[in-house]
Amino acid sequence: MFSLLLMSFMADETMTKENGAIVINTTEIGKNVEGYQGPTPLKVYIKNNKVEKIEFLKSPETPKYYDRVKKFLQSKWDGLKVKEAREKEVDVITGATYSSEAVIENVRLALDYYQSHK
């Protein structure tokens, strides 16, 4: 019985808590969202119903281009209420369009997941 309970608890690592923030990991919910070279998983930190920060996880994207995407997009949602962040229109970075679009979609997936599971 204990093993079954432990397995069900560990099965969903999508939403966790860390330092008072709720963290949405898009590795599973965004596994079909791909940039130019593959998935672009993120961790979206939400505290007091506001986006605290976005953390980029390991991705097969070309580092030169993905670094540009990170620099351009990483703080676009910081400090916004979840609903505002979800509705925010964010531009892509020229030369890394697919990667930018994938990151934006992963942020939206994380915010949707948060709203439906909080």
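Me: How much of the protein counts as buried?
Reply: Of its 118 residues, 36% count as buried, meaning under 20% relative accessible area, with exposed over 50% and partly exposed in between (1.4 Å probe, protein chains only). Keep in mind that this is a predicted model, where local features need pLDDT of at least 70, side-chain atom pairs count only at pLDDT 80 or more, and totals for chains, interfaces and linings use all residues. Residues are numbered from 1 along each chain as its sequence is written, and side-chain values use heavy atoms, with hydrogens and water left out.

Me: What makes up the fold, read along the sequence?
Reply: The pattern is α-β-β-α-β-β-α-α-α, so you get five helices and four strands, where helices (H or I, at least four residues) and strands (E, at least two) are DSSP runs numbered from the N terminus.

Me: How do you know that strand 2 and strand 3 pair?
Reply: Two strands pair if DSSP finds at least two bridges between them. Strand 2 (residues 21-25) and strand 3 (residues 42-47) have four bridges, in the antiparallel sense, so they qualify. If you want a spot to look at, I22 stands opposite I46 in strand 3.

Me: And what about strand 3 and strand 4?
Reply: These two also run antiparallel, over six bridges, with strand 4 covering residues 50-56. K47 has K50 in strand 4 as its bridge partner. Two residues sit between the strands in this hairpin, and N48 in the turn has a positive phi of about 55 degrees.

Me: Why is K47 called partly exposed?
Reply: Its relative accessibility is 33%, so K47 lands in the partly exposed class. K47 belongs to strand 3. Skip its neighbours within four places in sequence, and K47 is in contact (heavy atoms within 4.5 Å) with N19, G20, A21 and E52. K47 and K81 are 34 residues apart in sequence, and their C-alpha atoms are 9.4 Å apart.

Me: How do you know that the length of helix 5 agrees with what it should span?
Reply: You take 1.5 Å times one less than the number of residues. Helix 5 (residues 97-117) has 21 residues, so it should span 30 Å; its end C-alpha atoms are 30 Å apart, which agrees.

Me: Why does S100 count as buried?
Reply: S100, which lies in helix 5, has 0% relative accessibility, so it counts as buried. Other buried residues of helix 5 include V103, L111 and Y114. The side chain of S100 reaches the backbone oxygen of A96 at 2.8 Å. Leaving out neighbours within four places in sequence, S100 is in contact with V69, L73, V92 and I93.

Me: What makes a set of residues a nonpolar core?
Reply: The set has to be buried Ala, Val, Leu, Ile, Met, Phe, Trp, Tyr and Cys residues joined through side-chain atoms within 4.5 Å. The largest one here has 23 residues, and I54, V69, W77 and L111 have the most contacts inside it. Strand 3, strand 4, helix 3 (63-73), helix 4 (82-87) and helix 5 each give two or more residues to this core. Helix 5 gives the largest share, seven residues.

Me: Which residues does L111 touch?
Reply: Not counting residues up to four places away in sequence, L111 touches V44, I46, V51, V82, A85 and R86.

Me: How many of the contacts join residues at least 24 apart?
Reply: The share is 54%, taken among contacts between residues at least 6 apart in sequence.

Methods:
Polar contact = N/O pair within 3.5 Å; in protein donor to acceptor, adjacent residues only side chain to side chain.
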